[in-house]
Amino acid sequence: MRSNIQRYIELLSSITEKELRVRYKYTTFGFLWMIINPLLQMLIIGFIFAFIMRQQVENYYPYLFVGLLTWNFFSLTVTKATPSVVNERSLIKKSQFPRSVIPMSILVSNLVHYLISISLLVAYVIVTGTFALQRLHIFFAAIVILAVFTYGFVLITSALDVKYRDVAFFTQTMLTLWFYTTPIIYPLSFIPQHIQWMWSVNPLVAVLSLLHYVFLGFALPPTHVWLSASVIAVITCLVGILFFRRESADFDDWV
Amino acid sequence: MKPIAVKLSHIYKVYSLHHEKPTLVEKLIKGVNEQFTALSDVNLTVYQGERVGILGPNGSGKTTLLKIITGITTPTSGTVVANGRVVSLISLDAGFHGDLSGVQNIYLNGLLLGMKKPEIDAKLRRIVEYAALGRYIDVPLFTYSSGMRMRLGFAVAIHSEPDILILDEMIQVGDQRFQDKTQKTLTDLVKKKRITIIASSHNPEKFKYLFKRIIEVKNGRVVSDGTISTTHY
């Protein structure tokens with residue numbers, strides 16, 4: 001048992017390292033891109049938003065930045081992890097090992113990126129003085145909910161993609177819709193009260209609310225909001241683990 | 001009675017046939033896929049230290065059989081028991097990544113085969129020497145020729161101290177010099193460490209020297225189990 005866990009961790013770190021290495025090997029800017037990218041995105045969207053929407057949002061640029069970084073983590077992980085089992089067929093064909101290290105390695109490498117780039121925000125909140133150490137545990141709670149949910153979600157999509165290769169296309173389309181139905185470029189208060197319940201099934205809403213509380217000093221979301229998000233995240237993760245385990249027995253036949 | 005290395009009982013393997021990439025849209029329109037039985041009712045017991053050659057034409061189920069023993073895929077029904085570390089050399093590119101260097105690939109490959117990191121650290125020099133890739137060991141794998149990849153794969157597999165070594169059409173690795181070396185290594189491994197070797201081929205000539213027991217597979221069934229002289233191939 002212990003040696004199984006050790007093997008899992010060693011494999012995971014090796015494949016994650018490969019993931020990071022391969023991604024930035026041939027770019028001069030390398031690691032910098034992951035900070036420049038959301039910054040540019042923030043400026044563009046912020047500029048357009050100011051034109052279209054006349055309503056002012058308090059601290060809009062940092063608000064956008066938190067949302068975009070978090071969203072980029074989620075959407076990049078889904079985009080890359082969904083076809084990952086198919087892409088890593090050469091590993092599958094070598095030996096018996098827990099196949100879930102493949103999507104997991106994508107998640108971990110993106111999480112590393114996310115945490116590094118979000119530390120920029122820490123610098124920002126220290127400067128603006130809204131930083132409070134006692135909110136740090138809320139930050140970690142938000143990251144855990146996000147990671148657990150994302151992991152469960154990509155276990156399902158990556159296992160499906162092995163047998164149905166068009167799942168990767170479906171998830172792409174779904175991500176576009178998901179982006180606009182998550183309060184990233186607009187605050188939740190823009191949504192009419194009577195349909196706001198629809199936003200509560202999306203755990204990313206609660207994650208963002210928690211992060212807005214941590215970094216921007218917004219109001220802490222009510223308990224039931226982040227509690228239901230945690231429950232959804234855990235259920236997604238469990239379903240993902242069971243589904244992936246069942247499906248992964250014959251991945252080799254399909255890749 | 002010798003200890004058992006591999007025991008297969010009533011193994012069936014059914015694949016679904018798909019002509020192009022499988023898609024959800026296709027599934028919804030066409031429903032159930034066509035099926036193809038690759039193995040039916042295969043029973044096989046291999047004892048520790050045996051060298052078994054599996055003989056059969058292309059498409060007879062040899063590779064599927066080896067993949068089931070390795071655990072790369074699971075049988076549709078039946079049970080598989082494999083005692084000890086099973087290491088396979090089934091497909092040329094398996095367990096490698098083109099963007100990583102030779103050394104980085106040794107780590108990736110070794111971990112996949114069940115080695116621990118410190119174990120690979122300790123054996124790295126011997127693996128590099130065995131593969132004899134010279135300065136290529138530090139360049140990305142995509143620059144390697146297929147012979148070089150095979151050598152690297154073989155070197156890692158041999159040094160992972162397998163209890164059971166699975167070779168698919170791979171008795172001939174690399175150039176003549178390297179082939180002689182692998183033959184010698186395999187013979188030594190069998191003598192000294194009681195390693196079990198299961199290999200497949202469609203060419204009985206390759207089996208003459210190294211394999212005493214020959215199993216013939218045809219259309220997914222075992223049709224004979226004996227020595228090279230008893231095969232009708």
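**Chains A and B: a short walk-through**

Helix α5(B) is followed by Glu161(B), which has a positive phi near 50°. Helices here are DSSP runs of H or I with at least four residues, strands are runs of E with at least two, and both are numbered from the N terminus.

A word on the source. This is a predicted model, in which local features need pLDDT of at least 70 and side-chain atom pairs count only at pLDDT 80 or more, while totals for chains, interfaces and linings use all residues. Residues are numbered from 1 along each chain as its sequence is written, and chains are lettered from A and ligands numbered from 1 in the order in which they are written.

Back to α5(B), residues 146-159. Its 14 residues should span 20 Å at 1.5 Å a residue, and its end C-alpha atoms are 20 Å apart, which agrees; the expected span is 1.5 Å times one less than the number of residues. How many of its residues are buried? The count is 12 of the 14, so the helix is largely enclosed by the rest of the structure. Buried means 20 or more other C-beta atoms within 10 Å of the residue's own, exposed means 12 or fewer, and partly exposed lies in between, with C-beta atoms placed from the backbone. Among the buried ones are Arg149(B), Phe154(B) and His159(B). Their cover includes strands β5 (86-89) and β6 (164-168) of chain B, as well as helix α6 (176-193) of that chain.

Chain B as a whole has six helices and nine strands. Of its 233 residues, 43% count as buried. Its C-alpha atoms fill a box of roughly 50 × 50 × 30 Å along the principal axes.

Next, the core. The largest nonpolar core has 115 residues, and Ile145(A), Val207(A), Ile69(B), Ile166(B) and Ile198(B) touch the most other members. Such a core is a set of buried Ala, Val, Leu, Ile, Met, Phe, Trp, Tyr and Cys residues joined through C-beta atoms within 7 Å. Beyond its neighbours within four places in sequence, Ile69(B) is in contact with residues including Val6(B), Ile166(B) and Ile198(B); contact means that C-beta atoms, placed from the backbone, lie within 7 Å.

Where the chains meet, 24 residues come from chain A and 31 residues from chain B. On the chain A side, α1(A) gives the most, with six residues.

Last, Gln134(A) sits in the loop between α6 (101-128) and α7 of chain A. Gln134(A) is exposed, because it has 6 other C-beta atoms within 10 Å.

How values were computed: Two residues are in contact if their C-beta atoms, placed from the backbone, lie within 7 Å.
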